[in-house]
Amino acid sequence: MPRLPLLVSALLLGAGCFNASAGDVPIPWKEAPLPAPAAGKALYGVCGLPDGKHGWIVGAEGLCLSTSDGGQTWEKRETGSGATLLDVRFNDATHGWAVGNGDPNAPQARGHVVMMPGMAMKSSTLLITEDGGKTWQAHWVPTNFELWAVETSAAPALQICPSGGDQHLDGDNLRCNGGKGWSSDRIFRALFDLRAQDAEHWIAVGSPVSVGFMPTPTSELYTTKKCRALFSKDGGKSWSVSKGTEVMKGRCLRGLAVKKGAPAIAVGDGGTILLSEDAGEAWKAVESGTAEGLKRVAYAHGEGKLAVGVGSKGVVLVSGDAGQTWKAVGGGAAGALTHLSACGDCFVAVSKEGKVFRAKAADLAAAAK
C-alpha cells in the first residue's frame, strides 16, 4: 500500500481508512506488520517497557506476540492456551503475566460462576512466563468470569479484575500467590482495570453495582451502588469506595493510568474522563470532546505529562497536561481500539480487528498542543 502524505495519514482499521475529521489533528501512527498466524485475530492487551525495545500483545485464541525493537516488528509466541486473553503485564524483560477466559480445554469452573449466554462453565486462565514470553505456564482461576486486568507490582502476589460480562456486571477481588492459593472478597461490581500507584496505594475502576443479593449486604461496597471506582491504602488487601464517580456520561469506567507525581486518569463509556489527585479517593470529570466509548488510557514513560486514550470507532485522544485537557487526533471511521501502552519513546495501540499501530510520543505530544 503506498504511503499517504502526512496531511491525510490514517490509521488503517480493517478494510477502512481512519481519516482525520474536521478539527482533528492528523494521526502520526504507522501500522506494524504482523506474522501470518495473527491475521484477523482480535487483540485486547498490550504492554511495553520503558527500555523502548520489549513489548507484548495478547488476544483471541491464546495469541501472544512479542517485539524486541519497540513495536516495529512482532513475533508469535506459543502460549499453549485457547483462552481469549484480555490483559498482559510485564515487570521486566523476562517476568510476565496474562489473563483471560474461555479456554475450551480448561477444567470445569468452581467457586463463583456466572450462568449467562455465551459464558462457558470453564475456569478462567492465568498465564505466567519467566523467559520473556517464550514459554508460559497455565494456572486455572476458580471462576468463569472474564478477567480484564492483572496487577503484578507485588508479584508473586497477584490481584485480578473479574467481570461477569456487560450483562452481569458483578465480580470479586481475586488474589493469589504465583497462581496458587486463591482467595477472594466480594466487591459486588465488575472491575475492568487495576493499577498500583505505589506499594500501598492501588486503584480499581469498573461498573456500578447492578446485581441484587439476599440477604442485602451492608458493606459500603454494596450500598454505595453508583460508585465506579475503588481505592486501597494497603496494597489491595482491602478496598473503599471513591467519591465523584456517581454521575458520569456512561455506565462503566474501562481504563486507568497512573504515574508518580501525576493525577490518576480513568476513562470509560460515553467519552468519560475522570481525574484523581489523591490516589483514587475522589474524582472530578474533565471534558473529553467525544461521546465515544473510551477503553484504555496510558501515560508516556519518562517525566513528561503526555497521556493518550483510545476507544471505539478508532477514537484517539491526547493530553499534554496530565489529563486536564484533551484533543482528538483523528476519528470518524469504523473500528475499535481496545488497548494501548507506552513502549520507550513510542506508543503501541491494538484493535479488535487485529491491527497494531505505533506512534512516536513526540509526535503525539506535538499533536496535543
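A residue counts as buried when its relative accessible area is under 20%. By that cut-off Gln159 is buried, because its relative accessibility is 4%. The model described here is predicted. It holds six aromatic pairs and zero disulfides.

**Gln159 and its surroundings**

- Gln159 is part of strand 13, which covers residues 157-163.
- The side chain of Gln159 makes a polar contact of 3.0 Å with the side chain of Trp239.
- Leaving aside residues up to four places away in sequence, Gln159 touches a set of residues that includes Ala149, Val150 and Glu151.
- Also among the residues that Gln159 touches are Asn173, Leu174, Arg175, Leu194, Trp202, Gly235 and Gly236.

**Cysteines**

- A disulfide is a covalent bond between the sulfur atoms of two cysteines.
- The structure has zero disulfides.
- For Cys252, the closest cysteine sulfur belongs to Cys227 and is 12 Å away, which is too far for a bond.
- Cys252 has 0% relative accessibility and therefore counts as buried.
- Cys343 is likewise in no disulfide, and the nearest cysteine sulfur, in Cys346, lies 7.1 Å from its own.
- Cys343 is buried, with a relative accessible area of 3%.

**Aromatic pair Phe90 and Trp136**

- There are six aromatic pairs in the structure.
- In one of them, the ring centres of Phe90 and Trp136 are 6.1 Å apart and the planes stand at 90°, so this pair is edge-to-face.
- Phe90 belongs to strand 8 (residues 84-90), while Trp136 is in the loop between strand 10 (124-129) and strand 11 (137-141), so the pair ties together parts 46 residues apart in sequence.
- Phe90 and Trp136 are both buried.

**Aromatic pair Phe188 and Phe213**

- The rings of Phe188 and Phe213 have centres 5.4 Å apart and planes at 75°, so they too form an edge-to-face pair.
- Phe188 sits in the loop between strand 15 (180-186) and strand 16 (191-196), and Phe213 in the loop between strand 17 (202-206) and helix 1 (220-223), so this pair ties together parts 25 residues apart in sequence.
- Phe188 is buried at a relative accessible area of 7%, whereas Phe213, at 23% relative accessibility, counts as partly exposed.

**Other ring features**

- Trp56, Phe90 and Trp136 are linked into a cluster by ring pairs.
- The charged end of Arg254 sits over the ring of Phe192, at 4.5 Å from the ring centre.

Notes:
Residues numbered from 1 in each chain as written. Predicted model: local features only at pLDDT ≥ 70, side-chain atom pairs only at ≥ 80, totals over all residues. Heavy atoms only, no water. Helix = DSSP H or I, 4+ residues; strand = E, 2+ residues; numbered from the N terminus. Buried < 20%, exposed > 50% of the residue type's maximum accessible area, 1.4 Å probe, protein only. Polar contact = N/O pair within 3.5 Å; in protein donor to acceptor, adjacent residues only side chain to side chain. Contact = heavy atoms within 4.5 Å. Disulfide = S-S within 2.5 Å. Phe/Tyr/Trp six-rings, centres within 6.5 Å; stacked < 30°, edge-to-face > 60°. Lys NZ or Arg CZ within 6 Å of the ring centre and 35° of its normal.
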